[in-house]
Amino acid sequence: ARSLIVLLLVTDCVLVLSRDAKQEKKANLVKKFLRKHKKREGNLRLVGGSADHEGNVEIFHLGRWGAVCDDEWDEREAGVVCRQLGYKQAVKPTHSSLFGQIRQKYWMDNVYCSGEEERLDKCRFDPWSTHDCEDSEAAGVVCYSPEEVATTTTTTEPPKTTKKRRRIQDILNEGRLQVRLAGGRIYTEGRVEVKYGESSWGLVCGDGWSLLEAAVVCRQLGYGYASN
């Protein structure tokens, strides 16, 4: 009987040690995985282009590559991307999945850079993976490549001029955007309408609208905070 008890105790100890060893091994693998991907967090790559210096932008986050939506995307964001990738500057930003529809999920939307950031993930953007974009709305860039310039023949065609895209943040900074509430039962509620400069009043689309945006409107109107 004593031998049986000792054998059972030894067996239990072996099982516990084996289980602990497996858990420790699993924990070490997880730590190794996290350390490996932490070094790549926020890295960028360009996909779909005919050369390394152009393509749709993808960013690495939580161990996966994801696309960037083209809402609010212009020269400043493109410049940050190209510098992060080691290029001198950006030739132009691209929109509407110019280099092909996205192959990954969207990680970033409504990116707004001042142009001085060293990395794209240091710019302002909506929470990770929060977006309202279709597969055909990926942001991209064409970066300045000396090799590409050297192999391009000179033409006498005048440079094409493109109308600079107006950005929501720029309009807000100018202080010319008016806000009002209309259609409510009392003056502190209603649908949000905006007016820029001398233009007519217009509605605000509800895509992506949350209590955060509502709070901004209420503060701008002097009401303190939003209840819903």
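Is Cys 218 buried or exposed? I looked it up: Cys 218 is buried, because its relative accessible area is 14%. The cut-offs I use are under 20% relative accessible area for buried, over 50% for exposed and partly exposed in between, with a 1.4 Å probe and protein chains only.

**Ground rules.** I am reading a predicted model, in which local features need pLDDT of at least 70, side-chain atom pairs count only at pLDDT 80 or more, and totals for chains, interfaces and linings use all residues. Residues are numbered from 1 along each chain as its sequence is written, and side-chain values use heavy atoms, with hydrogens and water left out.

**Entry: helix H5.** Helices (H or I, at least four residues) and strands (E, at least two) are DSSP runs, numbered from the N terminus. After H5 comes Gly 222, with a positive phi near 85°.

**Entry: cysteines.** Next I went through the disulfides, a disulfide being a pair of cysteine sulfur atoms within 2.5 Å. The count comes to three disulfides. Counting bonded cysteines along the chain, I get the pattern 1-5, 2-6, 3-4.

I began with Cys 69 and Cys 133, which are joined with an S to S distance of 1.9 Å. The torsion about their S-S bond is about -95°, so this disulfide is left-handed. The pair links distant parts of the chain, 64 residues apart: Cys 69 sits in the loop between strand S3 (64-68) and helix H2 (75-84), and Cys 133 in the loop between strand S5 (106-108) and strand S6 (140-143). Cys 69 is buried at 0% relative accessibility, and Cys 133 is buried at 8%.

Then I took Cys 82 and Cys 143, joined at 2.0 Å, S to S. Here the S-S torsion is about -90°, so the disulfide is left-handed. Cys 82 and Cys 143 are buried.

Cys 113 and Cys 123 have their sulfur atoms 2.0 Å apart and form a disulfide. With a torsion of about 105°, this disulfide is right-handed. Cys 113 and Cys 123 lie in the loop between S5 and S6, so the pair ties together parts that are 10 residues apart in sequence. Cys 113 is buried at 0% relative accessibility, and Cys 123 at 5%.

I also checked Cys 205, which is exposed at 53% relative accessibility.

**Entry: salt bridges.** How many salt bridges does the structure hold? I find six salt bridges, each defined as a side-chain nitrogen of Lys or Arg within 4 Å of a carboxyl oxygen of Asp or Glu.

One of them pairs Arg 45 with Glu 58, the closest N and O atoms being 2.8 Å apart. Arg 45 lies in strand S1 (residues 44-48) and Glu 58 in strand S2 (residues 54-61), so the bridge ties together parts 13 residues apart in sequence. Arg 45 is partly exposed at 26%, whereas Glu 58 is buried at 2%.

Asp 74 and Arg 76 meet in a salt bridge at 3.9 Å, N to O. Asp 74 is buried at 3% relative accessibility, while Arg 76 is partly exposed at 26%.

Arg 185 pairs with Glu 189, with closest N and O atoms 2.9 Å apart. Arg 185 is exposed at 76%, and Glu 189 is partly exposed at 26%.

Entry: Last, I looked at Tyr 187, in the loop between strand S7 (177-183) and strand S8 (190-196). Tyr 187 is exposed, with a relative accessible area of 64%.
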